[in-house]
Amino acid sequence: MNEGSLISRCDYFDILPSGIIVIRPDYTIVCWNRTIAEWTGMYPEEIVGCDLRELFPRLKNRRYEIRIRQVFDGGPAAFFSTQFHPHFIDAPLPQGGLRFQRTSIHSIREDEKNFALIVIDDVSELVSQVHSFREMKNRAIHEVEERKRIEDAFRQANRQLTLLSGITRHDILNSVAIAAGYLDLMAGSPEEKKEEYLERIQQTLKKIQQQIEFTRTYEILGSNKPVWHNVDAIVRKMHLPERIRLEISGLGVDIMADPMLGKVFGNLLDNTLRHGGGEVSMVVVDGRVLGEEFLLTWQDDGPGIDPAEKIKIFNRGYGKNTGLGLFMIREILSITGITIEETGEVGKGARFEIHVPPGKWRATEGND
Amino acid sequence: MNIDEDSCDAIRELINIGVGRAAGLLNEMTGTHIRLNVPEVHILKFSDLIRSNKLLESDQLSAVTLRFSGAFSGISMLVFPPDSAALLITALTGEEIEEPELDALRIETLNEVGNIVNNAVMGSITNFLNAHLMYSMPTYLEGDIRQILGTERASAYHWVVLAISKFMLEDLNIVGNILMIFEIGSLDTLLTRIQEAAGNKK
């Protein structure tokens, strides 16, 4: 078969919906079918015999040149994807913009001569549909995530409301009953007893006030999205009495927690001061990576906590004061899956271990 | 067939030359700094293929295949577990997506990556041997290794060159497999021709 027969065969390419170009090893165009003529507005009469690279200079780039040369050398077909080569040639769309193309180049050998057959498919519609699908999918994912977040927030709010109603109904009614009891006792009591009962009533009223204050704080817990907190900055901001030395180590991390995280450390300090009394002279706050989690410890040198009380201390209402401080700590941390336990020894001080799970902690920037 | 260490080394070197060229092209094309190397090459019987490599045990592999015929015949393919394939493509294209997955456009892109690797490896071998082969169109296939290879020609396959290839890009270290599956008698021909070519070039 001579080259003339290949050129005469170019007419057959006109019936194909793909753009077809045949070139010689020097990139001279041999065939230019009707589809590609319609896409480009350039017709075979003016194009055949021209250098394809002069018409589309991007083809001079090595990334094309190497692979096309391999085809001329009889190698396998070269495939050019839409993502890396969206416009193999410039082919405008009627509504503006360029056609997205998928191109393959094949080796043809005739009469001891090598040619390359370039097949170009217009995939503009496919690209548009895939992009729409991706957008739709991303929107759906975000909507599902948002829905899940709202459901979690509702669940949390519901749990808190149940607890709040428990506090307001049960705890405050209890306190009111106690105050009413003392009022009853006051009637007909001697003056010195009245004074004692009055003090008890004042204490009970104060407790009611604290319970109401707690409901206000607890109400907003979990209502805002968790955020990253710099632990070192939070701990350093605390105001300790002068007699207590604060030692900090390994806190170069951020942790993901409810915006009320500062209250956790405030309540831990409050607990140290209340229960350690004048014995406490030092608080050590330490952080370290433990496997995949981050372990934060708060340790004081006070009297410590009795082993029988270790689990109970985090229950609501348990303790010498309001019984709400450690409970609040546990609640704040639990929002992002962080847990707390007391592991100290009686006589050696209290030691609270805060376990931050993977994904909820990260090294502070510049502290890798 | 007796496969000596020299022949194995020669195939390893030819594959390494090919993947080196493929990496160069991918770098130029994507503007990334992908490194590609082949730390392990094994020659094994087709029947032992699935047992030999855990990476091929998945029932959802992504493969870009290229059939060849001529002096030696068979099929060359680049095979990834689908998650790795999607991850590689999103890294190469610089897309920022939360859950990489293969859609029509990304499959096409993987097809090009596979085409570049397959062509470079085949080019490296045929250039060295000065051989001309016939090739099919590059094809993307998904499924387990049996579905990818098809059952109709399985009896014709005899030996397999399995090259564990590592695609290293930024923090990613993705392992794919280059498989060259030879039809009966074809690996013998290839090894004989490699030995002859090596003898001539010495």
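**Reading burial and contacts**

Mentor: Gladly. In this predicted model, helix 10 (residues 325-334) of chain A is largely enclosed by the rest of the structure, because eight of its ten residues are buried.

Trainee: Which residues of helix 10 of chain A are buried?

Mentor: They are Gly325(A), Leu326(A), Phe327(A), Met328(A), Ile329(A), Glu331(A), Ile332(A) and Leu333(A). Keep a general idea in mind here: an α-helix has 3.6 residues a turn, so residues three or four places apart point the same way.

Trainee: Now the interface. How many residues of chain B are in contact with chain A?

Mentor: In general, the size of an interface is often given as the accessible area lost when the parts come together. Here we count residues: 23 of chain B are in contact with 22 of chain A. On the chain B side, helix 1 (5-30) and helix 4 (104-129) are the elements giving two or more residues, and helix 4 gives the most, with eleven. By class, that side has nine nonpolar, nine polar and five charged residues.

Trainee: At what angle do helix 5 of chain A and helix 1 of chain B cross?

Mentor: The axes of helix 5 (residues 62-72) of chain A and helix 1 of chain B cross at roughly 145° and come within 9 Å. There, Arg62(A), Arg63(A) and Ile66(A) meet Leu25(B), Glu28(B) and Met29(B).

Note on methods. Residues numbered from 1 in each chain as written. Chains lettered and ligands numbered in written order. Predicted model: local features only at pLDDT ≥ 70, side-chain atom pairs only at ≥ 80, totals over all residues. Contact = placed C-beta atoms within 7 Å. Helix = DSSP H or I, 4+ residues; strand = E, 2+ residues; numbered from the N terminus. Nonpolar A, V, L, I, M, F, W, Y, C, P; charged D, E, K, R; others polar. Axes fitted to C-alpha atoms, helices over the stretch in contact; angles between N-to-C directions. Buried ≥ 20, exposed ≤ 12 C-beta atoms within 10 Å, placed from the backbone.
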